[in-house]
Amino acid sequence: MKGKIKLTGIWHFLIFFLLIAFVVTCNFYLFLHSMELDAQTISHPAKMTLANVLLLTLLFCIVDAFRRSQMIAKPVKRIQGGIERVIKGDFTTRIEYIHGEDSGNEFDTIITGLNQMIEELSGVETLRTDFIANVSHELKTPLAVMQNYGTLLQNPELSDEQRIEYGKAIQEQTNRLSSLVTNILKLNKLENQQIYPNVEKYYLGEQLCECMLTFEALWEEKKIEIETDIDDEVLIEADKELLDLVWHNLLSNALKFTEENGKVTLSLYKDDQYVYVQVKDTGCGMSAETGKNIFKKFYQGDTSHATKGNGLGLALVKRVIDICGGEIAVSSQLGEGSTFTVKLRQSKG
């Protein structure tokens, strides 16, 4: 490294020397061209001029070295130090500006870009860490349950009723694992834009009715009252398969979190431009804080109901609605239920 710096210094010295020597020689040639002077007369001044050129070259090199150290080497060292800290995993790093964020200096412009990039990387790293932690937790819980029941099933003294009960418990946890993996894969494809909408025109009311009927066994088991107010003439242009995920998750959640003898209402109506789908329940509801975070991955505001889902369904719903160019909102009160409203652009004719 020192050898490289030494060679660079020599190279700069030669450049300045040749440049100054060329300028001085040209000026002296023009000045002395019309004068008749012998070699002896010119000899002494030429030597003095050469010494002055060497002195000026040395002075220029010193000034240039100082300029480079303050205006180039120092900013580069600061930027390099910040980058090295980020490489080591310190995403709290923010590189200090040389003159100021709005100075217009080229290095400050680079630093602004680097700080923005580090901030984005910090967010991605946080998401990655949280995602791994949450997935690990979601996988460990059903696996632990399955392991426990598997151990119990090895008891030769178990009754048939107990074996059936333990077998059902294992099957439920298997279904939960399968649902988790499926939702993770779907959400990953949606977020990486590997799923592209297959737009078609269809009547939304028919799809909603078909989706609701798939939960008939559940609502009958829990004796939940179902109320529908669906406009049969609502026509939209969207990806039917993707929206099916939305209705399935919203209805599943409404029925899942509504206690026995509760009520779930499904509505579909329109105005001049948009169609609105509302799924309302009389379930446990949620706090305002939970409502703000409900569409985040793995977020579960009510831990007492954590076993009923994996916190990915509504994140999937939000991503699908965004892809379809729609909007989704939720209003809720603890103990009084929740209402999810989806807004989509309707198709004309």
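Student: Where is Asp231 found?
Tutor: Asp231 lies in the loop between strand S2 (225-230) and strand S3 (235-239). Helices (H or I, at least four residues) and strands (E, at least two) are DSSP runs, numbered from the N terminus. The model is predicted: local features need pLDDT of at least 70, side-chain atom pairs count only at pLDDT 80 or more, and totals for chains, interfaces and linings use all residues. Residues are numbered from 1 along each chain as its sequence is written, and side-chain values use heavy atoms, with hydrogens and water left out.

Student: Which residues does Asp231 touch, not counting residues up to four places away in sequence?
Tutor: Asp231 touches Gly205, Leu268 and Lys270, where contact means heavy atoms within 4.5 Å. Asp231 and Leu268 are 37 residues apart in sequence, and their C-alpha atoms are 5.7 Å apart in space.

Student: Why does Asp231 count as partly exposed?
Tutor: Asp231 counts as partly exposed because its relative accessibility is 25%. Buried means under 20% relative accessible area, exposed over 50%, and partly exposed in between (1.4 Å probe, protein chains only).

Student: On to the helices. At what angle do H7 and H9 pack?
Tutor: Helix H7 (residues 240-256) and helix H9 (residues 313-323) pack at about 145°, and their axes are 9 Å apart. Axes are lines fitted to C-alpha atoms, for helices over the stretch in contact, and angles run from 0 to 180 degrees between N-to-C directions.

Student: Is the crossing left-handed or right-handed?
Tutor: H7 passes H9 in a left-handed crossing. That term applies if the near helix is turned anticlockwise from the far one by less than a right angle; clockwise would be right-handed.

Student: Which residues in H7 and H9 meet?
Tutor: From H7, the residues are Leu242, Leu243, Leu245, Val246, Asn249, Leu250 and Asn253; from H9, they are Gly313, Leu314, Leu316, Val317, Val320, Ile321 and Ile323. The residues of this contact divide into 11 nonpolar, three polar and no charged. Here Ala, Val, Leu, Ile, Met, Phe, Trp, Tyr, Cys and Pro count as nonpolar, Asp, Glu, Lys and Arg as charged, and the others, Gly among them, as polar.

Student: How many residues of H7 are buried?
Tutor: In H7, 12 of the 17 residues are buried, including Trp247, Leu251 and Ala254. The buried residues in H9 are Gly313, Leu314, Ala315, Leu316, Val317, Val320 and Ile321.

Student: How far does H7 reach?
Tutor: From its first C-alpha to its last, H7 reaches 24 Å, close to the 24 Å expected at 1.5 Å a residue. The expected span is 1.5 Å times one less than the number of residues.

Student: A change of topic: which residue just after H9 takes a positive phi?
Tutor: Gly325 does, with a phi of about 75°. Lys223, a residue other than glycine, also has a positive phi, near 55°. Lys223 is in the loop between helix H6 (216-221) and S2 and counts as exposed, at 58% relative accessibility. Asn261 is not a glycine either, and its phi is about 65°. Asn261 sits in the loop between H7 and strand S4 (263-270).

Student: How many disulfides does the structure hold?
Tutor: The structure holds zero disulfides, a disulfide being a pair of cysteine sulfur atoms within 2.5 Å. Cys284 is partly exposed, with a relative accessible area of 23%, and Cys324 is also partly exposed, at 23%.
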